[in-house]
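I went through the strands, the sheets, a helix pair and the ligand shell in turn.

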Amino acid sequence: MIELLCQISQVLDREDKLKVLLILFLFLVGGCLEVIGIGIILPYLALLLNPENFEGYVLLKKLYSVLIDYQIISNLNGFYIFLTALVIFFYWLKNLFFIFSLRFQIRFNYEIYRRLSSNLLSKYLKESYLNHINRNTSEIIKNINQQTLDLVQAFLFPILILISECLIVLLLLVFLLFINPLSSLYVFTLLGLTVVVIFMCIRKRLHFSGEAISRSRTEANKQVLQGLGSFKTTKILNKEAFFIQRFNSAISDMTTARRYYELSQNLPRFFLETAIVTVMLSLAMLMLFNGKPTRELILTLSIFGMSGMRLMPSMNRILNALNSTRYSQGIVKSLMHDLLIANFKGSQTSISDGAQPIKNFESLKLDNVHFSYTATAQTLNNLSLTIDANKSIGIVGHSGSGKSTLIDIMLGLLDPDVGEIRVNNKLLLDVKESWQQLIGYIPQDIYLSDDTIKANVAFGIEKNEIDDKQLALVLKTAQLEDLINGLKEGVDTIIGERGIKISGGQRQRIGIARALYHNPQILVMDEATAALDNVTEHEFMQAINKLKGRKTLIMIAHRITTVKNCDIIYVIENGYIIDKGSYQELSSSSKVFKTLAQL
Ligand SMILES: Nc1ncnc2c1ncn2[C@@H]1O[C@H](COP(=O)(O)OP(=O)(O)OP(=O)(O)O)[C@@H](O)[C@H]1O
Ligand SMILES: [Mg+2]
């Protein structure tokens, strides 16, 4: 718990910590107001019970004579009315203060939630590609949407409540000790014991409930994403029941845990109420049998009754907060690791290239590059190659030979385990950002968003900043004109999630247009034309060939004819470059190339 709090304090900034201090100060003021609220009832009641006797209450006596002197009141009845109005006014003020304080707390909590969850998303977006591929989308969605909210609602907020209520209870204890030490000790010992016993009974299972919820949330998200993600396959294979059953089992784990948590949040109130009534009535009996006069008995009981009215919700909230923090520890723990890195990374947002960003691409040089995704299998071995500006490079090889991995290395998405990559003779690591800005990349699996064609092509650009001329040009190059002319809404047609409302080839062409939109100096195409029919591919390649000599082209293709016009073609096999040369040279010399050409 302490460790978690330390970790949380690391993810809060200075301003947040100041706000926490301010909130604690508000709690202290609130606690004092609460005690004063009960405290002023005592003389008020004393006066009502014994109007003639002001003796024990010097202040009241003074106030009375001052009011009479200034002719604000003329008799005791006026004094009653004045005091009643004063008490009512004080309670209004006190509760207005609490409303203000609560508003501030809630705003603070949600501000932290907003910041932490967007920090987390920024961390997931900025982390290395290698880390990213080892993550699970269900886990990411859970952490950003649900767990951060829990951190705030079920951990941070309850901790503040815990502090605030403990303060109030402590101040009440001091006040009551002052009024009647023995009775106070009796009341607080019994009520304190009740809280401890209730908490001890449920704490262990609560912790496991939190962990179970965290686990089952990931599982439930996963089943939704996977079942719907492969919708057609799920339908064709009739596997709906399979996903529903798995989802059900995850949700039922979650509901069991939630049920226990909610019960533990609501049950204590009943025990507490019983405990308070028992304690108060037994106190009355004790006082009665000890021969206390009725007036004193009524007065003490009234004060303890008032305190009890305040203590009951306080104790309940203390227990709820204890339960809640206990329960959410399991949730918060799993999130803290990512949040801590998020905070660290957040402070050094987007590593820029320093003083020497590259503007014009001259050459890319890979020297003895090795790379492996896992410790067991080597994916790229001893790769060395140089790509000069405005040349066209083809990369061919069997499926799984390492072509896409090689591209990822060139793009700076993956860092080699051994070897060096230089762009314009500068280490790629030092110029990564400006290097990536020169590249138009068409990945093997294009992800389109549920938006218009226009927004998908001008990816990540605000609507009003899109260059319509450039848009029209790239749509033409990507052979998309016919499609768009046939659509009622043209470039403003929404293409659905992952581009589900258009064909595979059309999706690929939008990916191509997207890569061309920024007018990149280097165009990297990973099987960019694989989903196109021969005629469309031929037309697209003609357009691309027109770029030859003006742009650097790096293309992977399984159809050898696609790379036919490249200046140099590399043949990759098991992560090694086994051959290189022009199409003609390789056609006669390379065995692997020949087998690929025959496919
Ligand atoms: N994230 C990963 N973790 C572990 N291994 C991976 C990962 N991604 C790819 N691999 C492995 O690395 C090897 C090279 O994969 P790569 O995607 O580079 O092949 P490719 O030549 O592009 O194949 P294709 O023509 O089918 O696209 C494969 O054996 C693949 O199984
Ligand atoms: Mg590939």
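**Entry 1**

I began with a strand pair and found Leu 364 standing opposite Val 423 in β4. The model is predicted, and I read each entry below with that in mind. Strand β4 takes in residues 418–423 and runs antiparallel to β1, with five bridges joining the two.

Next I followed β4 to β5, where two bridges hold an antiparallel pair. Within that pair Arg 422 stands opposite Leu 427 in β5. The two strands form a hairpin with two residues between them. I noted Asn 424 in the turn, where phi is positive at about 50 degrees.

Put together, the order of this open sheet of four strands is β2-β1-β4-β5, and the pairing is antiparallel. Strands β2 (380–388) and β5 (426–427) stand at the edges with a single partner each, so one side of each has no neighbour in the sheet.

**Entry 1: the six-stranded sheet**

I turned to a second open sheet, which has six strands in the order β6-β7-β8-β3-β9-β10 and mixed pairing. Its edges are β6 (439–442) and β10 (576–581); each has a single partner strand, so one side of each is left without a neighbour in the sheet. On average, neighbouring strands of this sheet are turned by 15 degrees against each other, direction ignored.

For a parallel pair I looked up β3 (residues 392–397) and β9 (residues 568–573), which are joined over five bridges. Gly 394 stands opposite Ile 569 in β9.

I also recorded a helix against this sheet. Helix α16 (residues 504–517) lies across β6 and β7 (522–526), and α16 runs at about 170 degrees to β6.

**Entry 2: the α2 and α6 pair**

I looked up how helix α2 (residues 14–49) meets helix α6 (residues 137–179). Their axes come within 9 Å and cross at roughly 35 degrees. The crossing of α2 past α6 is right-handed.

From α2 the contact includes Ile 23, Phe 27, Gly 30, Gly 31 and Glu 34. From α6 it includes Leu 160, Ser 164, Leu 167 and Phe 175. By class I recorded 14 nonpolar, four polar and one charged residues in this contact.

**Entry 3: the domains**

I checked the division of the protein, which gives domain 1 (14–344) and domain 2 (363–598). The C-alpha centres of domain 1 and domain 2 lie 57 Å apart.

**Entry 4: the ligand shell**

Which residues come nearest to ligand 1? Of the 13 residues around ligand 1, I found these to be Tyr 373, Ser 399, Lys 403, Ser 404 and Thr 405.

Which helix gives the largest share of the shell around ligand 1? I found helix α11 (residues 403–411), which supplies three residues.

By class, I recorded two nonpolar, 10 polar and one charged residues in the shell around ligand 1.

How values were computed:
Residues numbered from 1 in each chain as written. Chains lettered and ligands numbered in written order. Predicted model: local features only at pLDDT ≥ 70, side-chain atom pairs only at ≥ 80, totals over all residues. Near = placed C-beta within 6 Å. Nonpolar A, V, L, I, M, F, W, Y, C, P; charged D, E, K, R; others polar. Domains from an automatic or database assignment. Pairing = 2+ DSSP bridges. Axes fitted to C-alpha atoms, helices over the stretch in contact; angles between N-to-C directions. Left-handed = near helix turned anticlockwise from the far one by under 90°. Contact = placed C-beta atoms within 7 Å.
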